[in-house]
Amino acid sequence: MSHSWPQKGEKLFKAGDYYQIAHIGWGSIDSHFHGYIRGYKEAADDLVELAIKSKRIAILDTYVFPITFLYRQFLELSMKDIYLNYSEHSVEDKVKNIKRISHNLKAIWNEIKPLIQEGCTTSDDGEMIEVVEDYINQFHEFDKSSFRFRYPINKNLSPTLDKEDRIDLLNLKQRINELGSFFSGVDGQLDANKESKYEQQKEFIELIQQNMWDEVGY
């Protein structure tokens with residue numbers, strides 16, 4: 001097998017044939033979030049399938065790092081997207097909170113949990129939130145700072161994986177799929193609530209304006 005070597009003058013990032021290029025940077029911030037969220041999860045899903053189909057321990061034991069990191073990124077961005085879109089905090093407060101939260105899954109969950117609870121209508125909704133919170137806490141406890149699957153050592157040069165462990169990749173994929181379904185449903189519900197609230201406010205303002213015009217005889 002021949003090996004290729006770096007070539008003088010070649011560029012790493014450039015356009016090429018249409019069906020081998022990726023388009024980035026287009027659209028709104030919402031479409032950017034959607035692209036990142038979808039990309040991280042679907043890439044991880046594909047890696048899980050490749051690793052399992054390979055039936056090779058060497059692949060299972062190495063693909064686990066990008067798989068788990070990508071799923072963590074998916075969860076983090078899914079929750080931050082909900083917070084940024086539906087929280088009524090000011091822009092300044094959102095900036096402060098995002099900086100404070102950093103990559104802490106538990107902290108960002110605590111920010112969006114009240115938003116989700118507002119839309120609860122049944123006891124089943126409350127129970128589902130508890131299950132989701134348990135999933136998030138499990139991931140947080142397993143990788144609190146997002147370091148364990150990015151680097152083999154931390155900033156103190158100590159191992160990020162300090163003991164042997166085992167991860168069922170198919171089970172992880174299934175649990176993340178469940179979280180994906182939950183957050184997708186939450187996004188749809190909160191968007192509908194936001195639209196309904198906007199329409200109510202619009203009607204209220206129009207009613208006040210009409211009453212003002214009636215009082216002055218117009």
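**A salt-bridge network and a helix pair**

Arg72, Glu76, Lys80 and Asp143 are linked in a network of salt bridges.

Me: Before we start, what kind of model is this, and how are residues numbered?

Reply: This is a predicted model, where local features need pLDDT of at least 70, side-chain atom pairs count only at pLDDT 80 or more, and totals for chains, interfaces and linings use all residues. Residues are numbered from 1 along each chain as its sequence is written, and side-chain values use heavy atoms, with hydrogens and water left out.

Me: What counts as a salt bridge?

Reply: Side chains of opposite charge can pair when their charged atoms come close. The cut-off is a side-chain nitrogen of Lys or Arg within 4 Å of a carboxyl oxygen of Asp or Glu. The structure holds 12 salt bridges.

Me: Which salt bridges does Glu76 form?

Reply: Glu76 meets Arg72 at 3.5 Å, N to O, and Glu76 also pairs with Lys80, with the closest N and O atoms 2.8 Å apart. A helix here is a DSSP run (H or I, at least four residues), numbered from the N terminus. Arg72 and Glu76 both lie in helix H2, four residues apart, about one turn of the helix. The spacing of Glu76 and Lys80 in H2 is likewise four residues, about one turn.

Me: Where does Asp143 lie?

Reply: Asp143 forms a salt bridge with Arg72, their closest N and O atoms being 3.3 Å apart. Asp143 sits in the loop between helix H5 (123–142) and helix H6 (169–215) while Arg72 is in helix H2, so the pair ties together parts that are 71 residues apart in sequence.

Me: Are these residues buried or exposed?

Reply: Buried means under 20% relative accessible area, exposed over 50%, and partly exposed in between (1.4 Å probe, protein chains only). Asp143 and Arg72 are buried, and so are Glu76 and Lys80.

Me: At what angle do H2 and H3 pack?

Reply: Axes are lines fitted to C-alpha atoms, for helices over the stretch in contact, and angles run from 0 to 180 degrees between N-to-C directions. Helix H2 (residues 57–86) and helix H3 (residues 91–101) pack at about 160°, with their axes 11 Å apart. That makes H2 roughly antiparallel to H3 (an angle over 145 degrees).

Me: Which residues make the contact?

Reply: Contact means heavy atoms within 4.5 Å. H2 contributes Lys80, Tyr83 and Leu84, and H3 contributes Asp93, Lys94, Asn97, Ile98 and Ile101.

Technical notes
Helix = DSSP H or I, 4+ residues; strand = E, 2+ residues; numbered from the N terminus. Parallel < 35°, antiparallel > 145°, perpendicular 65-115°, else oblique.
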